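Subject: The structure we talked about

Hi there,

Here is the structure I promised to pass on. Have a look at it first, and then read on for what turned up.

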Amino acid sequence: MKVELFSVAAVQECDYALLAVSGGFSTEFSQQITANGRTCVIDNSSAFRYHDSVPLVVPEINASAMKGKLLIANPNCTTAIAAMALWPLHQRFKLRKVIMSTYQAASGAGAEGMAELEEGIRSHIRGEQVKASVFAHPLPFNVIPHIDAFQENGYTKEEMKVVWETQKIFGSKEIACSCTAVRIPTLRAHSEAITIETESEITVQAAREALGGAPGVDVVDDPAAKRYPMPVTATGKHNVEVGRLRSSLVFEPRGLDFFVSGDQLLRGAALNAVLIAEAKQAERDEAEL
Ligand SMILES: N[C@@H](CC=O)C(=O)O
């Protein structure tokens, strides 16, 4: 591919600009790019996610929110993965509460995160001191309940993103969410243990039916055969794995516990951005008919 130096004018030659850049870059240039009234910017940073006028889109859920818009925000990886499983359950049983704990891979912190984990494991095996600079503490043989900056309410920004973004994508501030985000020593794919309380009664069988036909979801739930979602099986897959479905012992008969693993580099980032572009193109094709 031909790689060119960035300029607003060069990007404005394109129908779509997929920004995988810092929030600062996006803040400075996104609106300059869309000012031509044609180029659609799909922004992977958090710069515009919480602006009321900018849709935050998972196409299987709220593609209609981007109708007529040129600047579209791509959600945080952790939210996007959870949303795939939560949306079919919300449609059928209506969510009241979502309580989530995450198990996030080193690659969530970029290539440097993966390198630090791999190098740290080698150091540990050699009996040397394990260094930490990307992560707050050494990650090998550890878990770190700290992703992104701590906020005034004691939650981290990563945890609050799950709250803000789930409510925005689902178009409902009524859904109460809380999250504990944890970095674990895996390389790729994020996992999440999720408990929901619903408005209608929910059984494991009915949940399985709702999830079974949902786009972007693979139900992997056969504990007797040792089949359940795991990062190693979710890695490289477009669909998010959902399994370990159980009636919640706390919220029964209106609650469910389950486990999700999804490739955060795909569903949580690049794949979702491409699906947004495809949905936008379908909207444009339809408008031309
Ligand atoms: N904020 C996420 C990025 C997504 O992969 C993380 O740190 O894991």
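Asn 62 sits in helix H3, which covers residues 59-62. In this predicted model, Asn 62 has a relative accessible area of 9%, under the 20% limit, so the residue counts as buried.

UniProt, in an unreviewed entry, annotates residues 3-67 as "domain: Semialdehyde dehydrogenase NAD-binding". Across residues 3-67 the chain is 31% helix and 12% strand, with 31 Å between the end C-alpha atoms.

For residues 86-266, the UniProt record (again an unreviewed entry) gives "domain: Semialdehyde dehydrogenase dimerisation".

Now to the ligand. Which residues surround the ligand? They are Asn 76, Cys 77, Gln 104, Gly 108, Ile 147, Glu 158, Arg 183, His 190 and Gln 264. Sorted by class, this shell has 5 polar, 2 nonpolar and 2 charged residues.

- Glu 158: a polar side-chain atom is 2.8 Å from a nitrogen atom of the ligand.
- Gln 104: an N or O atom of the side chain is 2.9 Å from an oxygen atom of the ligand.
- Gly 108: here a polar backbone atom is involved, 3.4 Å from an oxygen atom of the ligand.

How much of the ligand does the protein bury? On its own the ligand exposes 260 Å², and the protein buries 82% of that.

Next, the aromatic rings. The whole structure holds 6 aromatic pairs. One of them is formed by Trp 87 and Phe 170, whose ring centres are 5.1 Å apart. Why is this pair called edge-to-face? The planes of the two rings stand at 65 degrees, and an angle over 60 counts as edge-to-face. Trp 87 belongs to helix H4 (residues 77-93) and Phe 170 to helix H6 (residues 157-170), so the pair ties together parts of the chain that are 83 residues apart in sequence. Both Trp 87 and Phe 170 are buried. Elsewhere, Phe 6, Phe 25 and Phe 29 form a cluster that is linked by ring pairs.

Two more residues may be worth a click. Glu 116 is part of helix H5 (residues 111-125). Is Glu 116 buried or exposed? Its relative accessibility is 12%, so Glu 116 counts as buried. Between Glu 116 and Asp 52 there are 64 residues of separation in sequence and 37 Å in space, taken from C-alpha to C-alpha.

Leu 187 lies in the loop that runs between strand E5 (176-180) and strand E6 (190-198). With a relative accessibility of 32%, Leu 187 falls between the limits of 20% and 50%, so this residue counts as partly exposed. Leu 187 and Pro 231 are 44 residues apart in sequence, while their C-alpha atoms are 8.7 Å apart in space.

Best wishes

Key:
Residues numbered from 1 in each chain as written. Predicted model: local features only at pLDDT ≥ 70, side-chain atom pairs only at ≥ 80, totals over all residues. Heavy atoms only, no water. Near = heavy atom within 4 Å. Polar contact = N/O pair within 3.5 Å; in protein donor to acceptor, adjacent residues only side chain to side chain. Areas by Shrake-Rupley, 256 points an atom, 1.4 Å probe, with all protein chains shown as cover. Nonpolar A, V, L, I, M, F, W, Y, C, P; charged D, E, K, R; others polar. UniProt positions renumbered as here; feature names shortened; annotations may be inferred. Phe/Tyr/Trp six-rings, centres within 6.5 Å; stacked < 30°, edge-to-face > 60°. Helix = DSSP H or I, 4+ residues; strand = E, 2+ residues; numbered from the N terminus. Buried < 20%, exposed > 50% of the residue type's maximum accessible area, 1.4 Å probe, protein only.
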